[in-house]
Amino acid sequence: MRTISFDGVIVGGGGAGMRAALQLAQSGYKTAVISKVFPTRSHTVSAQGGITCAIASSDPQDDWRWHMYDTVKGSDYIGDQDAIEYMCSVGPEAIFELEHMGLPFSRTEEGRIYQRPFGGQSKNFGEGGQAARTCAAADRTGHALLHTLYQNNVKNETVFFNEWFATDLVKNQDGAVVGVIAICIETGETVYVKSKATVFATGGAGRIYASTTNAHINTGDGVGMALRAGVPVQDMEMWQFHPTGIYGAGTLVTEGCRGEGGYLINADGERFMERYAPNAKDLAGRDVVARSMILEILEGRGCGPDGDHVKLKLDHLGEEVLESRLPGICELSRTFAHVDPVKEPIPVVPTCHYMMGGIPTNIHGQALTVDAAGDDQVIPGLYACGEVACVSVHGANRLGGNSLLDLVVFGRASGLFIEDALRQGIEMRDASVTDIESANERLVSLNERNDGENVSALRKELQGVMQNYFGVFRKGEFMQEGIKKLDDLKQRIDNVKLEDKSNAFNTARVECLELQNLFETAEATAIVAEARKESRGAHAREDFTERNDDEWLCHSIYHREGRAVSKRSVNFTPKTVDTFQPKVRTY
Amino acid sequence: MLQVSVYRFNPESDAAPQMQEYQVETGGKDLMVLDVLEMIKAEHDASVTYRRSCREGVCGSDGLNINGKNGLACITPLSDAVKKNKLVIRPLPGLPVVRDLVVDMSLFYAQYEKIEPYLQNNSPAPAIERLQTPEDRAKLDGLYECILCACCSTSCPSFWWNPDRFVGPAGLLQAYRFLADSRDQATDERLAKLDDPFSVFRCHGIQNCVNVCPKGLNPTRAIGHIRTMLLNRAA
């Protein structure tokens with residue numbers, strides 16, 4: 001196997017990966033991005049409504065501490081306050097950098113960046129009413145951001161390995177991460193990509209569910225690789241169901257619709273969020289809105305012949321606002337719901353959207369594990385940022401607009417830290433032939449196996465189990481049943497059949513490897529969801545309906561070995577502000 | 001049963017490309033073309049090869065030639081594409097085929113990179129954002145939304161003939177996106193680099209690009225603006 005060597009390798013060409021790459025490309029170190037798709041095809045491109053940050057455009061008095069308060073509350077108090085403080089305070093600088101790079105933000109009359117209201121936003125620590133803090137480029141903010149980052153990487157001559165797929169991490173005898181095995185999809189060649197710093201920016205894994213807003217490519221590759229290499233994952237029970245996925249198609253309708261004045265109605269035409277969240281109404285936290293929608297449906301007030309969805313009303317905003325502020329939504333709605341939002345409400349249903357959990361990291365992007373004594377230990381050589389990471393700024397529920405901020409701020413932070421570390425010198429033992437061979441075992445066994453089941457059928461079965469047993473509302477006995485079904489799937493997915501053994505642009509091979517990553521993500525989710533015996537944020541249990549701060553005001557940690565679950569403390573010690581103490585969370 | 005004909009070519013085993021026929025049960029539903037490809041790959045033949053990602057028309061992965069017209073498979077409903085119960089799916093024309101429906105887009109990307117697709121402004125950045133009026137920002141509408149799917153450039157006869165020298169509609173749309181940006185200071189340099197007989201002037205206004213753009217953008221109009229700027233510059 002050929003070896004190619006870099007100082008830093010970034011796996012993933014979405015927003016986080018490209019922001020980290022940009023930092024490193026400017027540093028002069030030899031770095032590369034490995035992306036399984038051409039970078040602008042990454043899922044960041046689908047982000048719509050915006051990037052939340054206290055840049056004080058819509059409100060000159062706005063304060064990053066208010067944004068921090070909202071984010072801590074939104075996380076249901078298991079977001080790490082040092083990380084949230086860092087994100088919210090550094091955020092404005094990161095946004096202005098993007099604007100200087102050319103991001104075509106929408107504008108206010110004063111020429112500043114346009115900001116719209118989003119869910120869970122407040123002024124003055126929840127006391128001053130609704131804030132408008134989400135910076136937007138119409139409803140195509142992710143597209144604008146991703147293309148701007150790609151353009152600036154072109155400018156800085158970043159080395160891209162596009163349509164290369166990383167299969168597994170390579171670790172040396174000391175347990176340090178020293179690169180990845182990767183396949184060049186076009187030729188089928190397998191290469192050891194050696195690196196002193198390996199950054200996972202592999203994104204989410206929404207495809208573990210049957211119904212998701214996520215792209216086909218969101219298959220939890222980073223989570224799979226991490227778990228197989230003995231790296232734990234954190235808070236994997238916390239999956240965000242976005243209130244407004246288009247009924248039937250799953251495609252996303254931005255929360256910005258409700259920010260601009262749209263609202264949800266049930267079969268009676270009632271604006272039901274007024275009952276569930278009297279103050280914030282349709283702009284309550286996403287977990288709260290998604291649960292309220294499901295309750296409306298369960299109580300028989302759903303829309304349509306099967307009463308299985310609700311509707312998002314926008315027509316009262318008028319054609320001009322819709323076409324200027326939400327042009328992409330008009331397009332998506334007409335294509336996928338066959339509904340013109342200028343005239344009729346859009347049928348919507350809560351849909352899997354975002355993985356709050358992931359690889360635990362500190363604010364520099366360094367991946368962490370927890371030792372036997374319960375102390376954090378840095379994993380040498382491995383970094384993570386963006387959706388695959390769990391810093392954790394989102395805790396049990398992410399606020400809308402915070403994912404783009406997360407990936408820009410922590411992609412940047414990882415790049416800055418690695419640049420510094422490289423300057424000081426990183427010494428690691430080379431991987432032995434055995435180390436490389438053992439990392440390549442999964443791929444070799446897939447290539448050599450001639451029997452097994454069809455990849456699409458297995459994937460569909462896995463997605464069905466997760467959808468049915470680990471959805472918006474969860475219950476212990478059902479989840480135990482779901483785990484049994486996953487146990488049955490485990491070996492079958494380990495032994496999935498590769499029906500096409502050719503080398504040139506073999507997407508069948510990639511799909512098999514992705515399926516195994518989906519399984520690792522799903523299993524981790526299932527085990528910790530069953531273990532966390534309380535309701536918090538996005539994790540809502542019918543058998544433990546209350547938040548239990550005495551036992552569960554903590555992160556969950558999942559190790560693949562023995563499927564062990566442990567607890568990890570949440571950080572309550574920000575550096576420059578007082579701790580936000582847990583309170584009852586109402587909107 | 002829908003009759004689907006798919007262009008197949010595997011460089012490892014095929015001397016020449018061929019069309020392969022599949023019968024797909026759509027259950028009478030108005031699926032998207034991508035759904036049909038996914039069904040073929042899942043149920044008929046795992047070796048059928050194409051690109052796809054977002055499945056909602058924003059990532060630009062699945063530009064294909066569908067019943068003779070370039071478009072995105074994920075947002076082209078069968079009701080728009082199918083004629084006489086027949087669906088013919090080919091790779092985008094004019095670029096080398098890597099395998100089946102996957103084309104080598106290197107030339108397309110090279111033309112994009114050639115126009116220096118990034119904001120150029122050497123004045124010191126302010127502590128906040130650079131200000132831009134809503135009117136100036138509106139000039140970027142219809143330009144910045146390009147998803148680089150290559151439907152336009154691969155439908156353009158001028159690009160087929162001179163893919164190495166004619167920038168093509170996608171690249172020129174982005175060239176104008178930066179020329180039109182009030183924050184960009186490189187107008188002269190940008191125009192100088194485009195001022196030759198091929199880069200811009202190979203456009204003959206055929207407007208195939210406008211006809212196929214899945215995002216409803218108008219590269220021909222943008223090219224017209226660049227021509228005017230070039231002519232004014234010469235005058």
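## Pockets and cavities

Helix H8 (286-298) and strand S20 (540-541) of chain A each contribute at least two residues to the lining of the second largest pocket, where helices (H or I, at least four residues) and strands (E, at least two) are DSSP runs numbered from the N terminus. The model is predicted, with local features requiring pLDDT of at least 70 and side-chain atom pairs counting only at pLDDT 80 or more, while totals for chains, interfaces and linings use all residues. Residues are numbered from 1 along each chain as its sequence is written, chains are lettered from A and ligands numbered from 1 in the order in which they are written, and side-chain values use heavy atoms, without hydrogens and water.

**Exercise 1.** Describe the second largest pocket by its volume and its lining.

*Solution.* On a 1 Å grid over the protein atoms alone, a pocket is an open set of points with protein on both sides within 12 Å along at least five of seven lines, a cavity is a set where a 1.4 Å probe fits but cannot get out, and lining residues have an atom within 4 Å of a point. The volume of this pocket is about 530 Å³. Its lining holds 23 residues, and those nearest its centre are A:Asp76, A:Arg291, A:Ser535, A:Thr545 and A:Arg585. H8(A) supplies the largest share, 5 residues.

**Exercise 2.** Determine which element gives the largest share of the lining of the largest pocket.

*Solution.* Helices H10 (327-337), H14 (455-469) and H16 (507-531) of chain A, together with helix H1 (33-44) of chain B, each supply at least two lining residues, and the largest share, 7 residues, comes from H1(B).

**Exercise 3.** Characterise the largest cavity and the second largest cavity.

*Solution.* The count comes to 10 cavities of 30 Å³ or more. The largest cavity holds about 700 Å³ of space, and among its 50 lining residues A:His43, A:Thr44, A:Gly203, A:Asn218 and A:Glu387 lie nearest its centre. H11(A) gives the most to this lining, with 4 residues.

The second largest cavity has a volume of about 260 Å³. It has 17 lining residues, and the closest to its centre are A:Lys36, A:Val37, A:Thr507, B:Arg51 and B:Arg52. H16(A) contributes the largest share of the lining of the second largest cavity, 4 residues.

Definitions and conventions: Points joined across faces, edges and corners; volume = space filled by probe spheres on them.
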